[in-house]
Amino acid sequence: MAVPEPERNPGLVRDCEVLLGARDTLAGSGTAPRWSTDRPIGEWTGITLSSSPPRVTEISLWGELKGRLPPSLGQLEELRSLHLRDATLTGGIPPELAALSHLNYLDLSRNGLTGPIPVGLASLSNLRTLKLGGNQLTGEIPVELRSLQNLTHLSLGGNRLSGEIPPELATIPYLWNLTLGGNQLTGTIPPELGEFRALRSLNLTGNRLTGEIPPELGGLEYLTHLDLGQNELTGSIPPELGALTNLVHLYLYNNRLTGEIPGSLDSLPQLIRVSLVNNPLTGCISRVLHSKLARLSWDDGTSLGQIDLPLCDVASTLAGLEPPQPGLTDRCSRDGAVPQPEDNPALVRDCAVLLEARTVLAGAASPPNWSANRPIGDWEGVELGGVPLRVTSLELTSGGLRGRIPAGIARLTELKRLDLADNSLHGGIPAELGALVDLETLRLNGNQLSGEIPGDLGHLRYLGELNHFGNRLTGQIPEGLSDLENLSPGMDYSRIEPLLLDLRNNRLTGGIPIAFAELAKGTRLDLRLTGNRLTGCIPLALGGALSDRAALGLTYCQCPSALLFDREYRPALTLGADGIPFMPRQTTDLAGTYRLSPSLVTDLPSGGRYLLGELMRNEDGDVAVKIEELTSHSHLVINALTGEELSRSVVESPSHCRVSTSNLFDQLVRSARVQPLGPPRDPDGVHRLKVFQTVDGGRSYRIDGSNFLVVDVPRGMRLTLEYVRNNRAGLRDEASGSVLTLDATTGRTLSRRITGAGGERDVGSLFDRLAASVREHPAPPSCDDPRTAPDCQALLEAKATFGGSRTLNWSAFTPVEVWQGVTVSRWTGRVVEVGLFSQGLAGPIPLSLSRLSALERLDLYRNDLTGGIPPELGLLTELRELRLGENPLGGSIPPELGSLASLVTLNLYGTGLVGEIPEELGSLERLETLMVYGNNLEGCIPDGLLQFDFNIHSFNNPNLRRCEG
């Protein structure tokens, strides 16, 4: 029964016999795989059949295996992929596996395998991936592995391998991932590794390597990750590493590197994280590199990201400050303020700085309780942190301080928060505060500070809040503040919270620096400037970052139309029953008639880009809608039932502009008119009830925004859908104001609030009838549905093809609605989405996926898929998003992808692609996002793709260029 028609397929019979003989050896004391003669071999756990006649081509098992690797597996002559990762297999790797001449994927990582790496594996000429990491393998790395000329991944990390790194490995032409970290390798790093022209990742961390870092590594032009940490490397950091223009991560920590940090590293455009800690480096570190220091840590919490070098420009600032009086330093060491002072001289210095600042800050007021006789951890407003302890926060608010801000505070080099708000401090803001490079919060608001704002505060790269509100500051806004980037160390994105620059209610003059517009592009910015004496105009590109722009009384510097896109923004329109687009929370720059609410329509005039807001009830109980004009960052609020204007906030354009925002809003208000919405029908004929739409009883309605919930509104009831949010739907009886709240996912009654204004009607009974009628319609999709069955079969075939470390829960015995990553349209019964991001899948992309003809989204990003991009994917003509990035696919881009006329997003990042971009991709008119960086593409970019304004260098395809002419 295991092999149908065995007489016609003796090869599969032999495979069956091999697997049955190997089953118990593999299982050991663990759970044996479900391999038996009473079930078809195609249904055996972890077994994939392919080719004609069928043979066993893939084994993918993990988890409960606690046995050994049977040598008999070497008899599976058609095996392409052997994946036995994350089990507890012991013993050695059988040399007999060298007989698997068709094998292209071998993953035995994270087991307990011992012994040497069999030299015979070097005969597997088709092997593309070899992963043996996380075992207990010993001996040397066989130099014979250089014969694996098709290898792209070689992972031997986390073993006990010894000896030197064979320089001959550099002859493997397509290798793009080499991981040898976590072994006991000795000797030097072979300069020949610089010949790995295709290499993306080199990990040699945690060995016993000595000597200098070869400057030849600077020739690895595609390298993105370089990890040489935790070795015994000496000498200086080669300046040649500054040629690694694609480098993202650079880890050189825990070595014996000396000398200064080469300035060439500052110019690496892609670099995000750097770790240089625990090296006896000298000199200083640039701000550019300091912002990329990785905040890493060991399991015991010991920091791995700090580096004891001053910032190059800060070092000169601190050198110009007078040190605290020696007597203060002695008292901090002697009188008990710092426990064990000999072990923490830095905290002793912080103590002396604060004692010196104490009376300067206080002025004529009572000083804070700082004393050398009191432990510094008990000092008012002082917080300690870090290892070793340092002063990290100084917070003295509303304390009646009447002095000045001493420049010496800049010596608190680990300070992250300085809050002196709501005192009576006077004098200027010391420029030296710009040396507090780790400062995240600077609050000086509510004082009597005067003078100009120091431009050096722009050096505070990690600052999240700079608050000078309510002082007497004069002069112009320093352009240097635009250098603030609000970046967390080691990260390439800005904080979730916006960068707050609050300069309100001072005496600032001049204009708003245009450089702030660039800052707004790179980070979320909240800029507040009212209450000053500013002149000039507002840079249009500053966008919505200037939160109080309308109150400044200034016009824009440019006409808002200057920011309109070259092509029209066409939103996905939802048509009402009357054919008028209904567009809450969508953007359009197309003039025409639009519905703002179930009761109101308006005409949007040309010349603006509008964001139509969500309906809401304001404080007066009015149903309102806010309409934003995005190019001028202005907004209009109108009554969504009557069209009456409630408020507007407008920044005007220069007088010469063709379009005035105020005129646009005037036209919009004049055209607003009451026009009730006829209830739209879903494909099954049921009317849809929208938020703030009122309907009469006697009809069935689908609750908009819910999970396909349908209710019957009883006769005698006039009902409004008040809201749908947080999985709750509120239904309001208009006559009484009573509200019934349902779970918008299940339809279960959550609460009811019944008032006494319902007249003679029994509102409670009406709500009972309404709640009892709630049902889910249409029914959830099923593989038994004739419309869905073909897609289910295609996915089950795909599951049998996928290998890797993860088993998908797809089964003919479970509802398709719970299949992992699968979305089925209830209206059509067709599969519209397959999302398998980072699921540990391996092997080729299954061809059966090309039969999902209604598929709109296919996401296989960040797996271990190989074998190229199937041209058959070009059959998925409804596909809007295709994500295949970060898979070692290899091969070229099939021209057949040019048939995906609906495609909006194409992600092929880091897939090892070669060859040219097919001209056919230039015909994809709807394409908005194209990611092809991290490959080896060459040739010229098709004309139709130039809309993306390619930055060729950033796509890591150095041989890709614009077509001539």
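# Close-up views of a predicted model

**Figure 1. Helix α7 and the strands that pack against its buried residues.** In helix α7 (residues 661–671), the buried residues are Thr661, Ser662, Leu664, Phe665, Leu668 and Ser671. The model shown in this and the following views is predicted. Six strands pack against these residues of α7: β30 (600–604), β31 (610–617), β32 (623–629), β33 (634–639), β34 (645–649) and β35 (673–674).

Figure 2. Helix α8 spans residues 763–772, and its buried residues are Val763, Gly764, Leu766, Phe767, Leu770 and Ala771. These residues lie on the same side of α8, because the arc they cover around the axis is only 160 degrees. The cover over the buried residues of α8 includes strands β39 (709–713), β40 (718–725) and β41 (728–733). It also includes β42 (738–743) and β43 (749–753). At the start of α8, the backbone nitrogen of Gly764 has a side-chain oxygen of Asp762 within 3.2 Å. Gly764 is also one of the buried residues of the helix.

**Figure 3. Gly211 and its contacts.** Gly211 is located in the loop that runs between β10 (201–203) and β11 (225–227). Leaving aside residues up to four places away in sequence, Gly211 touches Thr188, Glu232, Leu233 and Thr234. For scale, the C-alpha atom of Gly211 is separated by 33 Å from that of Leu127. Gly211 and Leu127 are 84 residues apart along the chain.

**Figure 4. The disulfide of Cys332 and Cys351.** The model has 4 disulfides, among them the one between Cys332 and Cys351, with sulfur atoms 2.0 Å apart. The angle about the S-S bond is -80 degrees, and the link of Cys332 and Cys351 is left-handed. The pair links distant parts of the chain, with Cys332 in helix α4 (residues 326–334) and Cys351 in helix α5 (residues 345–362). These two cysteines are 19 residues apart. Both Cys332 and Cys351 are buried.

**Figure 5. The disulfide of Cys537 and Cys557.** The sulfur atoms of Cys537 and Cys557 are joined in a disulfide at 2.0 Å. This link of Cys537 and Cys557 is right-handed, with 100 degrees about the S-S bond. The two cysteines are 20 residues apart, and both Cys537 and Cys557 lie in the loop between β25 (533–534) and β26 (574–575). Cys537 counts as partly exposed because its relative accessibility is 26%, between the limits of 20% for buried and 50% for exposed. Cys557 is partly exposed as well, with a relative accessible area of 32%.

Figure 6. Cys783 is joined to Cys792 by a disulfide with an S to S distance of 2.1 Å. The link of Cys783 and Cys792 is left-handed, at -85 degrees about the S-S bond. Both Cys783 and Cys792 are buried. In a separate panel, Cys16 has a relative accessible area of 8% and is therefore buried.

Figure 7. Phe708 is partly exposed, with a relative accessible area of 22%, and Trp827 counts as partly exposed at 29% relative accessibility.

**Figure 8. Arginines over tyrosine rings.** In one panel, Arg725 lies over the face of Tyr723, at 4.3 Å from the ring centre. Strand β40 (718–725), part of the cover over the buried residues of α8, spans the positions shown here. In the other panel, the face of Tyr861 has Arg883 over it, at 4.6 Å from the ring centre.

Terms used: Residues are numbered from 1 along each chain as its sequence is written. This is a predicted model: local features need pLDDT of at least 70, side-chain atom pairs count only at pLDDT 80 or more; totals for chains, interfaces and linings use all residues. Side-chain values use heavy atoms; hydrogens and water are left out. Buried means under 20% relative accessible area, exposed over 50%, partly exposed in between (1.4 Å probe, protein chains only). Helices (H or I, at least four residues) and strands (E, at least two) are DSSP runs, numbered from the N terminus. The arc is that of the directions from the helix axis to the C-beta atoms. Contact means heavy atoms within 4.5 Å. A polar contact is a pair of N or O atoms within 3.5 Å; within protein, one must be able to donate a hydrogen and the other to accept it, and residues adjacent in sequence count only if both atoms are side-chain atoms. A disulfide is a pair of cysteine sulfur atoms within 2.5 Å. A charge sits over a ring if NZ of Lys or CZ of Arg is within 6 Å of the ring centre and within 35 degrees of the ring normal.
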